Structures are given as structure tokens and as C-alpha cells.
Amino acid sequence: MKKTIFLILLFATSSCFAQEIALLKYNGGGDWYANPTSLPNLIKFCNATINTKLKSKPRTVEPSSPDLLSYPFIHMTGHGNVVFNDAELINLRNYLLAGGFLHIDDNYGMDEYIRKEIKKIFPNDNLIEIPSNHVLFQKPFIFNNGLPKIHEHDGKRPQAFGIFIKGKLVLLYTYECDLGDGWEDSEVHNDPYEVREKALKMGANIINYIFTN
């Protein structure tokens, strides 16, 4: 109960004070540090377009840390293995049940590992594909076809999956999309402006969902 109240107060003050978002540093050997320019660019875009007041540099947080509760949005990415121990699983579950939000963006190669770990966080809940008419794809930027395709990888369609608690999305898993690559500096992947803008707008929708729902 105290954790829930804490997060409610934290998010309620977001319109007055600069808030921090964080990158999750996990174990297992996967490159949690991939896409180093992505979150700073997303922060800059959100502050300029949807009137957020996010601090310009994201923090790094480990899944076992009590500091999880300091961040309304935690981003996770990588290409490989992910392992959460029991204490980390409990801490992540408590964070999400208390009102936190975790966005997991498969940077290509994470899928077979992260699905197992998500199931450990919420053993009684299944990942649900989020339909294109969900508010996540409607405000403030409209994505009529749902999650955009940023990088091709295996040529599969992009999919957004979620864990919903009492009707609220608390964990978002973006697959075959690679939003984080689209948020990076233009010279990193040489993506055209239109692709990067699409990725940043989808990222802004995610941030907007957190602070308005």
C-alpha cells in the first residue's frame, strides 16, 4: 500500500518537477547497454512535442534495486540472454503492481529468453497482443495499423504484447519492431528521417500513456 501511494504521488507531481526514466541493467549476458543514444533522444523528443518534463539523461537501475520505485518508466533492450533471480522477479513484480511501467524492446535475439522471464514475473498472466485500436496507438500520434515496423530483421510483422493488471497496461513488449534502433542518432543505423520520426512518435505515445493513465 505504501509503495502504491508513493508511486501515485510521484506521478502526480510529474507536471511540476522533472522526472527521471531509467534503463534496466539485467544479468544473463545480454547487452542491456545497447542503443546508448536511444533514451536521450526519446526524452528530448517527448519534452519538445508532448510537454513532458523528463531529465535529459536516463538513469541505470538494476532489477533488484529499491530505486525502481523512483522511475515511472523503465526501458529494457538487448540482443541476447536475460536472467532474473528470485529477488529480482519479486522486486519487478512489486514495482509493476505498485504502478510502475516496464517497456521491453527486442533488439533482435532477445525473444526466446525474455518470454520465459516475463512468465516468471507474472506466472498467472499471459502476454496479450495489443490491438491497433488501443489508446497506446491513438494518442497523441495515430498509428492506425498498430506498432510500426522500424527494422526488418526476419521480415515478420511488428507486434506489441502486454501484461494488463486490472485493465491497465503495466508491461509492454515490442517485438519485430526495434523502436530503440529508431530512437538512436541518425548516423548509427542510417535510418531515414521518416523512419526515425515514426519510432520517436511511437515512443512518445508510450510515455504519454504512462503519465495520462
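Trainee: Which residues does Ile163 touch, not counting those up to four places away in sequence?

Mentor: Ile163 touches Ile118, Phe122, Asp125, Asn126, Leu127, Lys168, Leu169, Val170 and Leu171, where contact means heavy atoms within 4.5 Å. This is a predicted model, in which local features need pLDDT of at least 70 and side-chain atom pairs count only at pLDDT 80 or more, while totals for chains, interfaces and linings use all residues. Residues are numbered from 1 along each chain as its sequence is written, and side-chain values use heavy atoms, with hydrogens and water left out.

Trainee: Why is Ile163 called buried?

Mentor: Buried means under 20% relative accessible area, exposed over 50%, and partly exposed in between, with a 1.4 Å probe and protein chains only. Ile163 has 1% relative accessibility, so Ile163 counts as buried. The residue is found in strand β6, residues 159–165; strands here are DSSP E runs of at least two residues, and helices are H or I runs of at least four, both numbered from the N terminus.

Trainee: How do you know that β6 and β7 pair, and in which sense?

Mentor: Two strands pair if DSSP finds at least two bridges between them. Between β6 and β7 (residues 168–175) there are seven bridges, in the antiparallel sense.

Trainee: Why is β7 described as largely enclosed by the rest of the structure?

Mentor: Seven of the eight residues of β7 are buried, so the strand is largely enclosed.

Trainee: Why is α3 called roughly perpendicular to α4?

Mentor: The axes of α3 (residues 86–97) and α4 (residues 111–121) come within 9 Å and cross at roughly 70°. That makes α3 roughly perpendicular to α4, because angles of 65 to 115 degrees take that name, those under 35 being roughly parallel, those over 145 roughly antiparallel and the rest oblique. Leu89, Leu92, Arg93 and Leu96 in α3 meet Glu117, Lys120 and Ile121 in α4. By class, this contact has four nonpolar, no polar and three charged residues.

Trainee: What makes α2 roughly perpendicular to α7?

Mentor: The axes of α2 (residues 38–49) and α7 (residues 193–212) come within 9 Å and cross at roughly 75°. That makes α2 roughly perpendicular to α7. Asn41, Leu42, Phe45 and Cys46 in α2 meet Arg196, Leu200, Lys201, Gly203, Ala204 and Ile207 in α7. These residues divide into six nonpolar, two polar and two charged.

Conventions. Axes fitted to C-alpha atoms, helices over the stretch in contact; angles between N-to-C directions. Nonpolar A, V, L, I, M, F, W, Y, C, P; charged D, E, K, R; others polar.
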